[in-house]
Amino acid sequence: MVKILFVCLGNICRSPMAEFIFKDIIKNKGLENHFFIDSAATSDYNEKNKTRIYPEVKDILNKHNILFTDRLSRQMKKDDYQKFNYILGMEDENIKNILKIIEKDSEKKVFKLLDFTEKSRDIIDPWYYGNFNATYDDIKYGCEKFLEYILYKKLIR
Ligand code: 4NP
């Protein structure tokens, strides 16, 4: 079982989008029993304010026929480091904040999602910059390439 935690700043836009896109991809390939997938925030703001997945994210998921369950934002905790095999942030700032939470990436579990593509870069925050379609495309591509990596490494059979 490969356990993956997708992480962004707020856990209401990019990381839940990644969580449900990845779940959709593995379900379509019949691989869902090989994975445990979750998402979390680096900030405590939306957990404290009991914020749910952002409506534009739900619209995009619906547009692409991707099933999701609505839920509250949760902040990543230090003990998530031991619970997951891969902790995938969206941008450099997320990685910096993840490292503040976990203190040390001793088992090299922390990556940016687009590290698994030909050319790594940040997935910018649609909450601030507003292009949810571009975010969807980046995350979908990142998830497909990450799954290719998992299959290539034979981490599941
Ligand atoms: P996300 O976007 O990190 O992709 O979930 C954000 C959503 C909300 C906030 C920041 C980023 N916020 O400050 O509430």
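**The ligand and its pocket**

In this predicted model, an oxygen atom of the ligand lies 2.8 Å from a polar backbone atom of G10.

Trainee: Which side-chain atom lies 2.9 Å from an oxygen atom of the ligand?

Mentor: That is a polar side-chain atom of D125, and a backbone N or O atom of L9 also lies 3.0 Å from an oxygen atom of the ligand. The protein covers 92% of the 350 Å² of accessible area that the ligand has on its own.

Trainee: Why is W127 counted among the residues that surround the ligand?

Mentor: The criterion is a heavy atom within 4 Å, and W127 is listed in the shell because it meets that limit, as do Y45, N46 and Y128, among others. Helices α2 (45–48) and α6 (126–129) each supply at least two residues of this shell, which by class has seven nonpolar, three polar and two charged residues.

Trainee: How do you know that the ligand sits in the largest pocket?

Mentor: The test asks for more than half of the ligand's atoms within 2 Å of the pocket's grid points, and the ligand is assigned to the largest pocket because it passes. About 190 Å³ of space lies in that pocket, whose lining of 13 residues has L9, G10, N46, W127 and Y128 nearest its centre.

Note on methods:
Residues numbered from 1 in each chain as written. Predicted model: local features only at pLDDT ≥ 70, side-chain atom pairs only at ≥ 80, totals over all residues. Heavy atoms only, no water. Polar contact = N/O pair within 3.5 Å; in protein donor to acceptor, adjacent residues only side chain to side chain. Areas by Shrake-Rupley, 256 points an atom, 1.4 Å probe, with all protein chains shown as cover. 1 Å grid on protein atoms, 1.4 Å probe; cavity = no way out; pocket = protein on both sides within 12 Å on 5 of 7 lines; lining within 4 Å. Helix = DSSP H or I, 4+ residues; strand = E, 2+ residues; numbered from the N terminus. Nonpolar A, V, L, I, M, F, W, Y, C, P; charged D, E, K, R; others polar. Points joined across faces, edges and corners; volume = space filled by probe spheres on them.
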